[in-house]
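Subject: Structure for your review

Dear colleague,

Please find below the structure that I am handing over to you. A summary of the findings follows it.

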Protein chains: 2
Amino acid sequence: MSPQVIFHPKGRTVEVLEGTSLLEAAILAGVEINSACAGKGVCGRCRVVVDGDVETRPSPNITPEEWESGYRLACISKVKGDCTVFVPEESQLNPMQIVGGKVANGLKEMTPVVRGSFVQLRAPTLQDNDGDLERLLKQMGFGPGDLEVPLALLRQLPNVVKEGECRLTAFLDDRHLVDLRPWNCVSRNFGVSIDIGTTTVALQLVDLGTGEVISQVSDYNRQLMHGEDVLARIMYGEDHGHERLRDLIVDTINHMLSRACATNEACVGKGKKVCAKEVNAVVVSGNTTMVHMFLGLDPSGIRYEPYIPVTNLPPRFTAGELGLNINPHASVRLVPGRASYVGGDVVADVVASGMALNDGIGLLIDVGTNGEVVLGNKDWMLACSASAGPAFEGGEVCHGMRAGDGAIEKVSLRNGLRYSTIGNVRPKGLCGSGLIDLLAQLFLTGVLDKKGHLQESDRVRQGEFGREYVLVHSKDVEKDGYDLKATGMSCCPTEKVERHRDITVTEEDIANVIRTKASIYAAAEVLLDTAGITFTDLERVYIAGGFGRHIDLDNAVAIGLLPDLPRERFTFLGNASLDGAKLFMLSKEKREEALSVHRSMTYVELSTDQRFFDRFSSASFLPHTDLDRFPSVR
Amino acid sequence: MSPQVIFHPKGRTVEVLEGTSLLEAAILAGVEINSACAGKGVCGRCRVVVDGDVETRPSPNITPEEWESGYRLACISKVKGDCTVFVPEESQLNPMQIVGGKVANGLKEMTPVVRGSFVQLRAPTLQDNDGDLERLLKQMGFGPGDLEVPLALLRQLPNVVKEGECRLTAFLDDRHLVDLRPWNCVSRNFGVSIDIGTTTVALQLVDLGTGEVISQVSDYNRQLMHGEDVLARIMYGEDHGHERLRDLIVDTINHMLSRACATNEACVGKGKKVCAKEVNAVVVSGNTTMVHMFLGLDPSGIRYEPYIPVTNLPPRFTAGELGLNINPHASVRLVPGRASYVGGDVVADVVASGMALNDGIGLLIDVGTNGEVVLGNKDWMLACSASAGPAFEGGEVCHGMRAGDGAIEKVSLRNGLRYSTIGNVRPKGLCGSGLIDLLAQLFLTGVLDKKGHLQESDRVRQGEFGREYVLVHSKDVEKDGYDLKATGMSCCPTEKVERHRDITVTEEDIANVIRTKASIYAAAEVLLDTAGITFTDLERVYIAGGFGRHIDLDNAVAIGLLPDLPRERFTFLGNASLDGAKLFMLSKEKREEALSVHRSMTYVELSTDQRFFDRFSSASFLPHTDLDRFPSVR
């Protein structure tokens with residue numbers, strides 16, 4: 001018999017082959033475990049508590065006490081026999097917030113990608129004996145060959161005509177027939193907008209008739225198990241085949257689609273769930289690598305100079321071609337991108353921000369796993385990728401985490417240490433906004449110098465990974481809301497173990513954050529320089545990305561992430577890529593705007609730009625070598 | 001163990017389930033047996049000689065002597081145990097002649113459905129970093145979204161660009177990308193035109209670069225086993241599902257495609273065979289029912305008033321959608337039809353004839369399994385279906401057969417009986433032209449009266465099926481070219497049996513031929529009447545169809561099939577549907593012509609037209625009740 005693995009607290013059991021890693025077993029069991037290093041045992045995100053027969057090895061991410069208590073890394077632990085595994089909260093993939101929907105639709109009219117048209121066909125007679133299709137085309141004003149008709153839909157046509165007694169609803173994307181339904185059926189029309197991020201995927205189910213968001217779900221990109229950033233993924237694909245990565249992102253999306261449809265009552269008042277077959281349109285925004293992987297295109301060109309993607313402007317595909325579990329003839333459209341490192345997600349940001357419609361010059365910063373910066377107005381646009389790193393999304397920081405329950409999102413030191421967590425639960429780590437607050441407050445209170453070195457303080461100590469600031473002593477944390485009995489694994493000494501996990505920020509963490517903020521700031525400066533203007537010329541600064549719900553502007557300026565401008569010039573967009581995708585799906589005007597952004601945008605390659613490296617060096621301090629730029633901090 | 005069936009003379013063995021019919025077993029064994037009545041034991045075409053354990057029943061098509069000798073009908077004989085089956089020549093499906101290619105291309109320029117274009121892409125640089133697809137589209141002059149790109153081809157693009165060092169050949173059907181090949185590959189471009197007849201299918205493999213026909217093959221439509229005419233097939237589909245008929249015609253075509261590609265050396269001088277993946281275009285002409293079955297569309301509307309097909313003007317499909325074993329992205333286009341009973345085959349006839357370009361009025365008669373008549377010129381066109389029956393294709397006539405080896409194609413009685421067979425081999429039956437000759441000669445020599453009754457004569461006798469004229473006494477036939485030993489079944493008394501098979505024409509056969517010719521003539525008259533003209537106004541009469549290579553015009557006029565016009569006004573087109581399909585494939589002008597024929601053609605429904613029945617009655621004599629119409633016969 002194959003070994004059995006039971007995962008708690010979900011209580012899922014799975015049978016696996018001997019030698020399967022616990023991480024793989026968890027995937028098989030439908031249990032989501034955090035992982036960022038592609039199973040190399042490096043990132044330490046997949047810590048689990050094991051009782052049973054596994055073969056594994058120690059890791060610097062697990063202290064001797066933890067090891068003693070049964071802590072192991074799931075990715076490097078191979079199943080030898082039956083075992084029980086507890087996945088602590090910190091290693092679970094938590095339901096995330098979608099910080100989106102900040103942009104009101106503001107659409108003058110609804111012109112969705114796929115429209116449903118009621119058509120009444122002439123009843124045929126011996127004299128008027130055109131075929132069903134010809135009558136349909138004439139009624140809709142199409143000439144011969146003007147409409148693309150999938151064979152499978154043509155096969156349905158005679159029955160639809162018969163059932164609806166010559167009255168039917170035809171769903172069209174421009175010149176493509178997407179679905180046919182008899183008139184006497186309920187003819188609803190749904191679409192899905194998806195932001196495929198390197199780390200997270202967010203999806204909105206939208207009524208294409210009204211523009212109403214029926215439901216929204218988010219999930220981690222399942223590709224995470226094969227690398228944290230796009231380059232790691234491309235390398236994985238080159239070694240193991242890109243097909244695997246395609247399957248993972250398609251799985252992620254299909255899983256989300258079924259959640260979006262199943263968990264919601266659509267068309268309020270009708271009490272009917274949305275059937276996946278009623279989804280007629282998908283609009284995807286994502287960085288160029290994610291789009292390539294989703295489409296199954298070889299992304300290798302993205303990795304090597306001159307960084308040429310297969311396409312920045314993918315044509316329309318169908319859900320069937322892509323393996324999405326909705327109406328197989330549904331249109332799948334992608335928000336166009338501009339370059340290998342400025343993708344459709346950034347163009348979607350721009351569309352959501354509205355900066356491409358303004359006379360005044362705007363600066364848009366998307367702080368994602370990568371970081372992109374766009375400068376311009378309705379006439380011109382410059383864009384670049386800052387290669388900022390994922391520090392503000394919880395990467396490269398020991399106790400960093402994404403904005404989810406338990407993330408410390410606000411920190412203040414002015415009147416003694418205070419912090420708050422998302423969901424008001426026991427703190428598990430720091431999300432982007434919390435990190436910004438903490439560093440700014442440490443810097444402003446003198447605990448941190450401008451080079452990022454921690455000074456002597458009662459909370460600064462020499463830790464395992466060098467000097468570190470202890471934000472949360474585990475002994476101080478109350479246990480409320482954390483009932484071990486409820487985990488179904490009271491035999492496991494988790495409580496004791498948890499007490500050992502202080503939440504700290506090391507000097508190396510701080511250096512990573514400084515690198516990230518410096519590269520974003522330097523990237524913005526290079527664009528301004530290219531345009532021959534300065535920060536003060538900016539009418540507006542847009543901030544997009546999932547690094548927290550509430551960023552304290554003063555703190556973000558204090559560390560030199562954002563320029564020191566009057567605070568009213570800043571706009572937080574949240575997940576603007578998702579909003580942009582939705583607008584693209586709902587409005588022809590917005591689709592044209594995206595295409596015009598694609599056309600007017602000039603990509604500035606920073607990797608070979610000496611200006612960038614000079615400005616990056618100057619910005620690698622708190623807040624900057626040139627304090628004149630930050631009068632409010634001075 | 002399952003029973004084994006061995007088929008001779010091919011020597012094929014197959015294992016089948018008990019109860020399988022010999023006809024089905026033959027199909028499984030890849031042995032082609034004639035059959036026209038859908039396995040009902042009626043047509044008597046599937047006579048085989050059986051040695052072994054089968055369960056069967058007598059049939060009027062088998063004489064007591066034949067029964068004694070082992071003759072059985074394959075369709076009603078069920079396998080009980082091992083057996084050996086001899087398929088006599090008369091029951092084999094013989095290679096047929098394609099009487100086509102009479103129409104010289106005469107094309108001013110080649111504008112094939114799919115063109116190959118050489119494209120040299122700009123080499124990308126850090127500054128000029130458009131994606132591969134964008135560079136391809138720009139180079140070819142397409143805007144975003146203007147070209148339909150199958151995902152599978154987009155996936156190949158980066159490799160093609162790499163292998164060809166930015167030079168490649170793109171194969172396009174209008175705005176559809178059909179294939180991509182690196183420039184340094186051999187980039188050949190082939191197409192296939194197919195005439196799907198109810199009875200026979202003919203196919204030409206064409207070099208789309210030169211218009212040269214590389215090979216042509218023909219075969220029986222495998223749907224024959226489920227009915228001889230379109231109505232029988234539709235009924236079969238309604239009872240057993242249309243899917244089966246679709247599979248059979250797709251099988252037929254795939255089989256022919258592999259023969260067309262495999263048996264020929266393409267691109268003379270290069271000595272390379274055509275690879276099926278190099279076939280980028282398919283053009284199909286066929287009657288409306290055949291087109292529906294090929295596409296998998298429900299043909300039921302064709303059967304019931306008001307006779308509405310799903311489409312007369314099918315859009316473009318891909319070979320992949322249709323299950324054709326060529327390049328899956330190859331374009332499949334269909335010559336448009338006009339009505340349920342005037343299909344794309346007739347429009348293709350018209351295109352091949354050129355009558356739609358002339359000022360003078362032409363009459364086109366297609367004598368197929370059905371019979372269609374078209375009248376008109378470049379300004380207007382009338383068309384109808386004569387529901388003529390398959391007498392001239394070998395159906396409904398005891399010793400009728402299609403134009404293949406052994407068919408008596410010429411008969412003369414003027415100076416004693418003389419006949420000649422196709423292939424100069426032992427006569428097996430009569431094809432259309434032989435039948436016309438025989439009836440005309442019998443009539444002109446007084447053996448047949450104008451009502452179709454046989455008079456006393458030394459060759460007229462009372463046969464099993466009534467009075468009959470003996471054209472060939474089996475005892476007169478020499479055995480040359482018919483070596484029983486070579487059949488591998490010398491134990492079987494075939495020789496003796498064959499001697500019993502005289503070739504005769506019964507009065508019932510004659511009545512069927514008269515019905516067929518009368519309905520064609522009457523149909524033509526109704527069209528003339530509708531247009532307010534007479535036969536003498538015709539500039540030209542075109543005759544299309546596979547009823548023989550050489551029709552004797554005087555004989556055809558003598559029986560009243562064709563009007564008594566000066567002989568130089570007649571043009572024989574042969575398989576004009578196939579030629580029309582080829583022209584459609586090679587020339588944009590011809591595609592536009594076909595569409596304009598589709599538009600300008602008025603369909604005249606005869607089944608409810610009293611004029612037709614009156615004229616049919618008058619024409620149901622030899623040559624006609626009104627002899628004034630046939631001065632040359634008088």
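Over all chains, the structure holds 69 salt bridges. Please bear in mind that this is a predicted model.

The interface between chain A and chain B

I begin with the contact between the chains. On chain A, 50 residues are in contact with 50 residues of chain B. The two chains bury about 4000 Å² between them, and 60% of that area is on carbon and sulfur atoms. Of the area that chain A buries against chain B, 16% is supplied by A:L126, A:N129 and A:L151, more than by any other three residues.

Polar interactions also cross this interface: there are 22 residue pairs in polar contact between chain A and chain B. Four helices of chain A, namely α3 (132-140), α4 (151-163), α9 (319-322) and α16 (588-600), each supply at least two residues of the side that touches chain B. Among the contributors to that side, α4(A) gives the most, with five residues. By residue class, the side of chain A that touches chain B divides into 25 nonpolar, nine polar and 16 charged residues.

Salt bridges between the chains

The count of salt bridges between chain A and chain B is four. In one of them, the side chain of B:R175 meets that of A:E148, at 2.7 Å from N to O. A further salt bridge joins the side chains of B:D130 and A:R338, with an N to O distance of 3.8 Å. This pair crosses between chains: B:D130 lies in the loop between β6 (115-120) and α3 (132-140) of chain B, and A:R338 lies in the loop between β16 (331-334) and α10 (344-353) of chain A. B:D130 has a relative accessible area of 7% and is therefore buried. A:R338 likewise counts as buried, because its relative accessibility is 13%.

Salt bridges within a chain

In chain A, the side chains of A:R181 and A:D179 meet in a salt bridge at 3.3 Å, N to O, and both residues are buried. In chain B, B:E593 forms a salt bridge with B:K590, and their closest N and O atoms are 3.2 Å apart. These two residues are three residues apart in helix α16 (residues 588-600) of chain B, so about one helical turn separates B:E593 and B:K590. B:E593 is buried, with a relative accessible area of 9%, and B:K590 counts as buried at 12% relative accessibility.

Helix α1 of chain B

Helix α1 of chain B spans residues 22-29, and its buried residues include B:L22, B:L23, B:A25, B:A26 and B:A29. These residues cover an arc of only 160° around the axis, which means that they lie on the same side of α1(B).

The surroundings of A:T602

Lastly, A:T602 lies in strand β28 (residues 601-603) of chain A. Its relative accessibility is 43%, so A:T602 counts as partly exposed. Leaving aside neighbours within four places in sequence, A:T602 is in contact with A:M381, A:L382 and A:A383. The C-alpha atoms of A:T602 and A:W380 are separated by 8.1 Å, although the two residues are 222 residues apart along the chain.

Yours sincerely

Key: Residues are numbered from 1 along each chain as its sequence is written. Chains are lettered from A and ligands numbered from 1 in the order in which they are written. This is a predicted model: local features need pLDDT of at least 70, side-chain atom pairs count only at pLDDT 80 or more; totals for chains, interfaces and linings use all residues. Side-chain values use heavy atoms; hydrogens and water are left out. Contact means heavy atoms within 4.5 Å. Buried area is the accessible area (1.4 Å probe) that two parts lose on being put together, summed over both. A polar contact is a pair of N or O atoms within 3.5 Å; within protein, one must be able to donate a hydrogen and the other to accept it, and residues adjacent in sequence count only if both atoms are side-chain atoms. Ala, Val, Leu, Ile, Met, Phe, Trp, Tyr, Cys and Pro count as nonpolar, Asp, Glu, Lys and Arg as charged, and the others, Gly among them, as polar. Buried means under 20% relative accessible area, exposed over 50%, partly exposed in between (1.4 Å probe, protein chains only). The arc is that of the directions from the helix axis to the C-beta atoms.
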